[in-house]
Amino acid sequence: MSIVNAIALHPQRASRVRFISLEVVLYVALVVGFLGLTLLPLLAVLQGSFEASDASAGFTLDGWRALLTEPRILGALGTTLSLTLTTQLIALPLSIALAWLLGRTDLPGRNWLEFAFWVSFFLPALAIVQGWTLLLDPHNGVLNRWLMDTFGLTQAPLNIYSWGGIVFAHLATTTVSAKVMMLTPAFRSMDARYEEAALIAGDNRFKALVKVTLPLLKPALIVTAIMGVIRSLESFEIELVLGAPQRIDVYSTLIYDMTRYDPINFASAFALGLLIVAIMGLLAIASRRSTASGSHVTVSGQAKPVVMALGRWRWPLGLLVGAFALLLTVVPLIFLVTSSLMSRFGFFNLEQVWTLNHWRSVVGDGIFLEAVGNTLVIASGSALFAAVVSLLVAYTIVRSRFLGRALLEFAAWIPFSIPGVLSSLAILWLILSSGMDWLYGSTISLVVAVGLASITLGVQLIRSQLLQINRELEEAAWISGASAFKAVRSIVVPLCVRSIVVVGVMAFVSAARDISHLALLVSSDNRPLSILQLEYIAEGPSEASAVIGIIIALIAIVAALVARRLGYSTETK
């Protein structure tokens with residue numbers, strides 16, 4: 001029987017044949033488009049590292065030789081590694097202790113305390129750093145002045161513009177809070193019977209934690225540690241602001257400098273960035289291999305996730321964790337607000353200390369209003385882009401049987417492995433090389449740049465949700481006559497809507513505070529609030545930058561409330 005006759009006799013089969021063809025076309029378009037978005041920046045980095053400054057000279061190894069010969073590059077690499085290792089070695093044990101207290105014990109107010117770490121994670125780093133600067137500035141810092149007056153010191157004992165100040169800034173922003181967010185659910189869902197067996201055997205709580213709990217949570221600990229290292233390696237704005245006065249370079253700020261002044265040194269910048277990407281890739285492979293074997297099951301059908309009583313230590317530890325949470329959130333925000341209301345940043349001995357003039361001048365400035373509009377457009381576009389692309393990619397990985405799913409899954413991890421400033425440089429390189437200069441500073445280039453940064457997390461969140469949805473629900477819809485698209489729209493999307501919205505919210509706030517992914521792509525006509533705040537800090541009016549920091553922080557707090565509410569609702573369903 002010919003295909004034509006078969007279609008004539010079975011019109012339903014005809015629609016199925018047409019649908020399959022359309023499905024294949026859409027699948028190919030998704031794979032090609034997504035691979036293009038993720039792989040092109042990486043390929044641009046690779047090609048650019050061999051590109052000579054003179055186009056007629058062809059390829060060169062000068063950029064790679066510079067990694068071994070130029071003292072500034074070697075120094076920046078050493079500083080990057082030392083800052084990363086020091087920060088992570090301090091943050092990981094501290095985060096484990098905090099997550100254990102929040103997830104496994106009867107710590108008073110643990111739900112609210114956990115939410116404080118969510119808020120800390122969402123707050124923009126520059127806003128928090130500027131709040132702490134009012135305390136720790138070596139010239140006008142409140143805490144430094146008090147210490148000098150009290151103890152008769154001739155110079156400030158604390159300096160936030162230093163190597164130690166950068167480490168402190170990382171610990172006070174997202175380094176600890178991100179780990180607490182990741183580890184607390186793992187501690188909370190663990191079966192308490194394992195620890196009870198250790199206690200019955202005669203071990204105390206600390207020994208049970210070291211011998212039983214931590215070994216069982218090895219996968220979560222390894223992933224948390226490696227992701228923390230990767231995030232520290234791609235840090236940019238903290239080092240840019242705090243390291244500049246003392247000429248402390250890390251690789252990201254050095255890449256930024258290499259591309260800001262003539263002659264632009266693309267080759268060295270790309271070679272340096274590619275070296276960091278390689279390190280990140282090795283870390284990701286190590287994470288996957290270390291958790292691929294062995295049994296680390298902590299939740300079963302007979303699980304008993306009971307909290308442990310702290311006894312007489314309950315309230316002292318609760319107050320200690322509460323004080324730490326306040327240091328991460330309320331304290332820097334109070335000093336940030338204080339900075340915005342001062343006549344001159346850090347000067348309390350003026351005749352008129354407090355004023356609203358900075359708020360009036362900033363809010364009434366046309367540049368600020370344009371930046372607000374740009375922020376909302378870029379953040380909203382990035383949220384929509386990240387949510388839609390993450391859903392499509394995650395659904396294809398989980399549900400389809402097409403060849404190339406593994407390649408698609410691999411591509412989803414690429415944006416996470418490319419540091420923000422390097423991604424910004426790669427996209428700039430692609431724009432200049434393609435001759436499409438009109439894309440520079442355009443809304444679409446900015447939306448794609450910051451939206452891609454949220455793709456990895458978005459795909460993983462929605463993918464985990466899809467794995468919990470039985471395929472039989474969609475098959476039942478197909479049997480009832482619904483198309484695959486309608487089944488996804490009416491069944492999959494409603495069941496995953498909370499995860500999709502969480503992805504959108506997190507992409508929105510990430511775009512609103514993002515600096516590194518936009519640093520080399522923003523024009524004066526399309527700058528968002530985060531870049532405007534950085535410009536104010538660089539030019540000197542700290543009071544005006546504090547105003548913008550407060551506005552971005554308010555956006556972040558609202559986003560944290562929405563994401564936290566949806567996250568808890570998802571857990572309880």
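A contact here means heavy atoms within 4.5 Å. On that basis, 78% of the contacts in this protein with a separation of 6 or more are accounted for by residues 24 or more positions apart.

This is a predicted model, so local features need pLDDT of at least 70, side-chain atom pairs count only at pLDDT 80 or more, and totals for chains, interfaces and linings use all residues. Residues are numbered from 1 along each chain as its sequence is written, and side-chain values use heavy atoms, with hydrogens and water left out.

Confidence comes next. The average pLDDT, the predictor's confidence in each residue from 0 to 100, is 81, and 82% of the residues score at least 70. Over residues 1-20 pLDDT stays under 50, and the model has four contacts beyond four places in sequence for them. Residues 294-303 also stay under 50, with 17 such contacts.

Now the fold. There are 27 helices and zero strands; these are DSSP runs, helices being H or I of at least four residues and strands E of at least two, numbered from the N terminus. Of the 573 residues, 51% count as buried, meaning under 20% relative accessible area, with exposed over 50% and partly exposed in between (1.4 Å probe, protein chains only).

Take helix α9, residues 175-189. A kink of about 30° lies at L183, shortly before the proline P185. The bend is the angle between axes fitted to the seven residues ending there and the seven starting there. In α9, 11 of the 15 residues are buried, among them L183 and F187.

Last, F151 in helix α7, residues 142-151. F151 is exposed, with a relative accessible area of 56%.
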